[in-house]
Structures are given as structure tokens and as C-alpha cells.
Amino acid sequence: MAYSDKILKKSIDPTVHQMLARAQELGLETAWDRYEAMLPECGFGELGVCCRNCNMGPCRISPFEDAGPKRGVCGATADIIVARNLIRMIAAGAAAHSDHGRDLAHTLLMTAEGKGGGYEIRDEQKLQTLAAEYNISTEGRSKEEIALDLAGAVYAEFGKQEGPIRFSRRAPRKRVDLWQKLGIDPRGVDREIVEIMHRTHIGVDNDPVNLILQGLRASIADGWGGSMIATEISDVLFGTPKPTRSLANLGVLKADEVNIIVHGHEPTLSEMIVAASRDAELLALAAKLGAKGINVVGLCCTGNEVLMRHGIPIAGNFLQQELAVITGAVEAIIVDVQCIMPALGNLTGCFHTKFISTSPKAKFPGAIHIEFHEDQAYDIAKEIVRGAVENYRWRKPGQVVIPDEKVECLVGFSTEAILAALGGSLEPLLEQIKSGAIKGLAGVVGCNNPKVQHDFGHVNLVKELIRNNVLVVTTGCNAIACAKVGLMLPEAAAQAGDGLKVVCQSLGIPPVLHMGSCVDISRILTVCAAVASALGVDISDLPVAGAAPEWMSEKAVSIGSYVVSSGIFTVLGTVPPVLGSTAVTELLTTGAKEAIGATFAVEPDPFQAAQLMISHIEDKRAALGL
Ligand code: SF4
Ligand code: MSK
């Protein structure tokens with residue numbers, strides 16, 4: 001079918017074209033329509049120069065040299081306002097990741113106490129490793145006893161008032177020394193977030209550099225704290241991902257089965273929904289109602305969690321959430337926290353789809369709220385799945401339009417799985433980097449954003465990197481974009497440069513490795529730290545770069561900040577709201593290099609972005625004498 005230019009420009013994904021045309025036909029709006037209705041977006045907001053931090057304002061600083069106010073009522077300049085706004089974004093992003101980590105610690109605690117309604121400790125090896133890291137004795141103790149102590153220890157990290165957080169010491173010594181020298185070696189993430197909120201209150205910290213440093217400190221507490229705890233404890237509870245095959249894109253929805261979408265971020269609920277979907281009683285009920293089975297699929301990072309661990313198919317990334325509902329084939333979309341559009345309430349009301357919220361922290365207009373509690377996890381999950389199955393009878397087959405596209409992928413590349421693929425040690429990877437077969441590593445992550453063509457930046461940046469022998473590791477919505485175009489198949493090695501191609505072919509791995517959800521960027525930090533320590537250098541010395549081509553969330557601001565604070569040059573594809581301050585912009589794009597050995601760059605064109613990353617990698621290779 002031929003689609004209008006307007007539709008084609010919105011995405012490179014054919015399922016998006018098809019479903020946007022379908023939305024038009026049905027008179028339904030999506031994020032793209034709402035984005036257009038928002039134009040022109042507020043110029044003050046785009047520049048980051050609007051302040052609402054007290055009720056003498058709102059104040060906005062004129063970007064014009066010769067006209068308009070240059071100070072807020074309190075005297076705050078554009079530099080102060082931009083810096084304050086930016087670090088409040090970091091605070092929100094770090095809070096989201098870290099609260100996710102805290103919930104996992106809670107689930108571990110409940111499980112260890114025997115109150116985890118269906119959860120168990122699946123990766124005892126990782127439990128032992130983490131216990132050793134925390135100096136928890138394991139000798140002659142049950143896994144529950146060890147888990148109880150571990151849960152207590154990681155819980156305590158969040159509110160730690162003084163002293164380092166444990167996982168931050170996974171970073172190379174040189175990096176830790178630098179953090180200490182700059183005064184940004186973080187305490188517990190809760191404390192760092194509170195301090196951001198305090199410092200950005202009217203009349204507290206009014207030094208842009210001092211403000212940004214606190215933002216970096218909170219972000220490090222996220223990356224090397226809250227997020228890393230989320231990843232590690234998820235692995236203990238649900239198993240560390242191993243390579244597994246699956247499918248990606250809207251074509252994973254099935255015309256003859258009950259379709260259940262899990263969407264959001266935490267694995268706690270989705271793990272149980274997957275388990276409940278295999279319950280014999282519910283399968284029998286589905287059959288009785290004429291469905292051939294129960295098909296659970298994922299969206300966004302909750303989807304990534306169950307994709308990585310169970311090979312549950314992934315229906316799409318952030319901007320596809322509404323499109324999945326518009327297929328008319330979804331019995332229930334079950335959500336927990338983060339990246340869930342409140343628009344789903346209205347939209348699901350146009351179909352038979354049940355929109356079910358489960359977290360006490362995240363309620364939505366138009367949603368049915370069935371609160372999830374870990375101590376009754378399986379029973380609640382079963383009730384939710386039962387509701388979805390019973391809803392199958394209300395599906396209107398005439399309203400169902402499911403795109404055909406679904407693409408195979410090989411996922412599940414946790415740090416441990418990468419090591420296993422390499423034969424148990426990093427040495428073969430280091431050898432390939434030293435020989436130049438692999439030029440370096442790139443972490444490409446982040447969201448979708450209707451400001452740019454959906455998936456265009458993600459896919460083209462990654463293709464360009466692998467073509468130039470850069471091995472790509474990915475998480476979040478970039479990972480889903482790559483899976484949808486076949487970049488996560490070992491066969492995609494054919495699209496890589498000669499050196500990377502041979503390495504991938506000999507190991508049987510794709511040139512783009514799916515490392516998990518947004519919090520699992522902590523896995524990328526762990527790999528970089530291990531490589532740097534093996535070479536006796538800092539992370540900032542490595543031929544490594546990061547990118548978020550289509551980012552939109554505050555979590556992405558925290559991620560970018562902790563990645564740069566860890567010494568990794570990072571290219572953003574959409575512009576952060578900082579351009580209203582030359583001082584802050586210069587600090588982030590140039591000044592940070594001297595202080596922390598890495599900077600941000602902003603480059604919307606993915607081909608140019610790839611060049612920036614490749615030339616950075618080349619420079620680092622040269623400095624290492626490679
Ligand atoms: Fe205006 Fe200052 Fe209040 Fe911000 S803190 S709203 S700049 S008076
Ligand atoms: S889901 S934070 S849109 S990557 Fe993690 Fe995707 Fe960004 Fe949400």
C-alpha cells in the first residue's frame with residue numbers, strides 16, 4: 001500500500017506506516033498528532049531559560065541580546081536557571097531508575113523472608129558473587145539467609161548518608177580518584193537527589209558549575225548505584241540473561257490468540273504475567289473461548305526484561321505503544337511504571353482492550369487499577385491474565401489489523417553471556433581490539449521522540465558504526481529498533497566491516513548485542529570498567545563512545561550524565577534544553593573534557609554522529625598506541 005509522505009516521514013518502520021494510516025482511517029490521534037498540535041513548542045522551554053522554582057515567577061530570560069529581561073525576579077541568570085533545570089531533570093531520572101532498583105531490593109527481601117508470592121532465587125551463583133562483594137558470609141548458609149543479608153545491604157545503599165556506595169568501586173581506581181578529587185564520589189542516591197532539590201530551591205546554589213557537579217554526582221549514584229542494583233538483583237531473582245532467540249515488531253501479535261502486552265519497566269510483574277500465561281487453567285479457559293493460546297508480548301523495557309530472560313517477543317518501542325492498541329487485537333495492556341503514555345486511557349476506550357495499571361505509584365485516567373503486591377504476586381498475575389482471557393470474547397475480528405512484520409533476533413547478552421561467548425575471559429575481545437579487527441565499542445541507547453523520524457537515528461547510527469568495525473552494545477528502545485531490522489541476528493555480521501564480521505562469525509554472535517533494559521546500561525559500565533581495569537587504564541582512555549539518538553526522557557538525561565561522568569564521550573541526537581546558557585553548553589560540550597575526561601556532543605544526523613564517535617574511538621586508539 002502507498003502511504004502519504006506525511007506518514008512516511010514519521011518513521012522508517014513499515015508497521016508504523018500501516019498503523020498510522022489505520023489510525024487516520026479510524027479518526028484516532030497518536031503522539032505524532034499531539035506533537036504537531038503542540039508546534040511551535042515553547043522557545044523558552046527549549047532553551048531551558050524558564051524558571052518556576054518560586055512564586056515570584058515564573059520567570060523567563062530573553063534570548064535576545066538587546067531586548068527582554070536578563071535576570072529572574074530573584075536575580076537568577078540564564079546560566080543559573082539552565083543549570084538548575086538540567087539537574088532537576090537528572091534528579092527525576094535518577095529517582096525513576098533508583099526507585100525501580102529499590103523495588104527489586106524489596107522483592108528480594110520478601111523472597112528471602114519466604115513472603116515472595118511465587119518468586120524464587122534463580123541465580124545462586126550471582127547471589128554468591130554479590131554476597132562476596134558485600135562481605136556477607138556464605139559458608140554453610142541457605143540462599144535465603146544470604147539473600148536476606150544482601151537485601152538489607154543493598155536497601156541501605158539508597159539512603160547512605162556518608163561514604164561510597166559499594167558498586168561504585170567496580171570503577172577503575174583512576175576514575176574513583178577523579179570523582180573524589182572533584183567531590184562527586186556519590187553517597188546514597190536518595191541523599192544526592194534530595195541535595196539537588198535543596199540546591200535548586202530559590203536562593204541556595206547559584207553557581208552553574210557547582211550545580212552541574214551535583215547533577216553528575218547524583219547521576220553516578222544512579223548508574224553505579226540504583227540502576228546497577230536493579231540489574232544485579234533482577235538477575236539474582238529472575239536469572240541472568242543468556243542468548244536466546246525471539247521475534248520483534250507488531251507482527252508478534254496473533255490473530256487467533258489472547259494477546260497480552262506488558263509495558264513499562266520493572267520485571268517483577270511481567271515475570272509473573274508470563275508465568276500465569278502458562279497456567280493450565282487459564283489456557284483451558286482461553287481454548288473454551290475460542291482462542292488458540294495466550295500470547296504475552298512486551299513493549300519498552302518491561303518488554304526487554306522478559307525478552308532477555310524468556311525470549312518473550314517484543315511488539316515495539318516507545319512510540320509503538322499506541323499503535324499496538326490500534327491493531328484491535330490486544331485484550332489487555334498491563335503496565336507498571338515509566339514511559340507509559342496517559343493517552344492509552346482514551347485510546348483503549350475505543351477498543352475492547354483493557355488498560356490495567358498495577359503500581360500504587362502510577363495510576364492513569366481510563367485504566368482499571370489492580371494493585372500488584374509481591375506477597376501475592378502469582379495470584380494477582382493470574383487474576384489479571386484471567387481478565388484478559390475473558391476479554392477475548394469482546395474482540396471484534398472485523399476491527400483487527402495486525403501488521404505482518406516480525407523479525408527474528410538473538411538477544412540476552414548480559415555481561416556474563418558476553419564473557420561466556422568469549423570463552424570465559426575478556427582476553428579475546430581485548431586481542432581483537434588491539435589487532436584493530438574491532439576498532440572499539442559503542443553503547444547506543446535511549447528512547448524514541450516524535451521530534452525526529454522514528455528509528456531513523458537508531459538504525460542508521462548503529463549500521464554506520466558496525467560498518468566501521470565498531471561493536472555495538474545496546475539497551476532500551478534502541479535495542480528494540482535494532483532487533484526490528486534484523487541487526488540482532490548473527491547474519492547481520494554481513495553488514496559489518498571486515499574485521500568485526502570475522503569476529504562475529506567466529507563467535508556466532510550478532511554485531512549488535514542486546515544488553516537489556518534502560519537500567520541495564522549498568523551492564524555496559526561493568527564491561528567498560530572490566531576492560532579498563534584489565535588494561536590498567538581509566539574508562540576515559542578506552543576506544544569507547546556512547547549515543548542516545550532519539551532520547552526524550554529525564555532518565556536519559558541521568559544516563560547521559562553518568563555515562564559522561566564515567567569517562568565516555570556521548571552523542572545526543574535530540575537537543576537538550578541547555579542552549580539558553582552558553583556557559584552550561586560549553587561546560588558540557590568542551591569544559592567537561594578537562595575535568596572528567598569526556599564530553600557531550602549534539603548531532604541529530606546519525607551519519608555525522610557516527611563519524612564523531614568513530615573519530616573519538618580512533619583518537620583513543622592512537623593515544624593507547626594501537
Ligand atoms: Fe524567578 Fe528566581 Fe523564582 Fe526562578 S527562583 S521563579 S528565577 S524569582
Ligand atoms: S523504555 S526511557 S522510552 S529507552 Fe526504557 Fe524506551 Fe527511553 Fe522509556
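1. A nonpolar core here is a set of buried Ala, Val, Leu, Ile, Met, Phe, Trp, Tyr and Cys residues joined through C-beta atoms within 7 Å. A residue is buried if 20 or more other C-beta atoms lie within 10 Å of its own, exposed if 12 or fewer, and partly exposed in between, with C-beta atoms placed from the backbone.

2. The model is predicted: local features need pLDDT of at least 70, side-chain atom pairs count only at pLDDT 80 or more, and totals for chains, interfaces and linings use all residues. Residues are numbered from 1 along each chain as its sequence is written, while chains are lettered from A and ligands numbered from 1 in the order in which they are written.

3. The largest nonpolar core holds 206 residues. Leu-108, Ile-260, Ile-273 and Cys-528 have the most contacts inside it. Helix α5 (residues 78-112) supplies the largest share, 18 residues. Helices (H or I, at least four residues) and strands (E, at least two) are DSSP runs, numbered from the N terminus.

4. Contact means C-beta atoms, placed from the backbone, within 7 Å. Beyond four places in sequence, Ile-260 touches residues including Ile-273, Ile-294, Val-385 and Ala-388.

5. Domain bounds come from an automatic or database assignment. They give domain 1 (5-51), domain 2 (78-238), domain 3 (250-399) and domain 4 (413-623). The centres of domain 2 and domain 4, taken over C-alpha atoms, are 23 Å apart. Their contact takes 37 residues from domain 2 and 33 residues from domain 4. On the domain 2 side, α5, α8 (173-182) and α10 (208-238) each give two or more residues. Helix α5 gives the most to that side, 15 residues.

6. Ligand 2 is surrounded by 15 residues, each with its C-beta atom, placed from the backbone, within 6 Å of the ligand. Cys-301, Cys-339, Cys-447, Gly-476 and Cys-477 are the closest. Two or more residues come from each of α13 (300-310), α20 (476-484) and α23 (554-565). Domain 3 and domain 4 both contribute to this shell, so ligand 2 lies between them.

7. The unreviewed UniProt entry carries a "binding site" annotation on Cys-42 and Cys-50; such annotations may be inferred rather than shown by experiment. Cys-42 sits in the loop between α3 (31-38) and α4 (43-47). Cys-42 is exposed because 11 other C-beta atoms lie within 10 Å. Cys-50 belongs to strand β1 (residues 50-51). Outside four places in sequence, Cys-50 contacts Phe-44, Gly-45, Pro-58 and Arg-60.

Technical notes:
Two residues are in contact if their C-beta atoms, placed from the backbone, lie within 7 Å.
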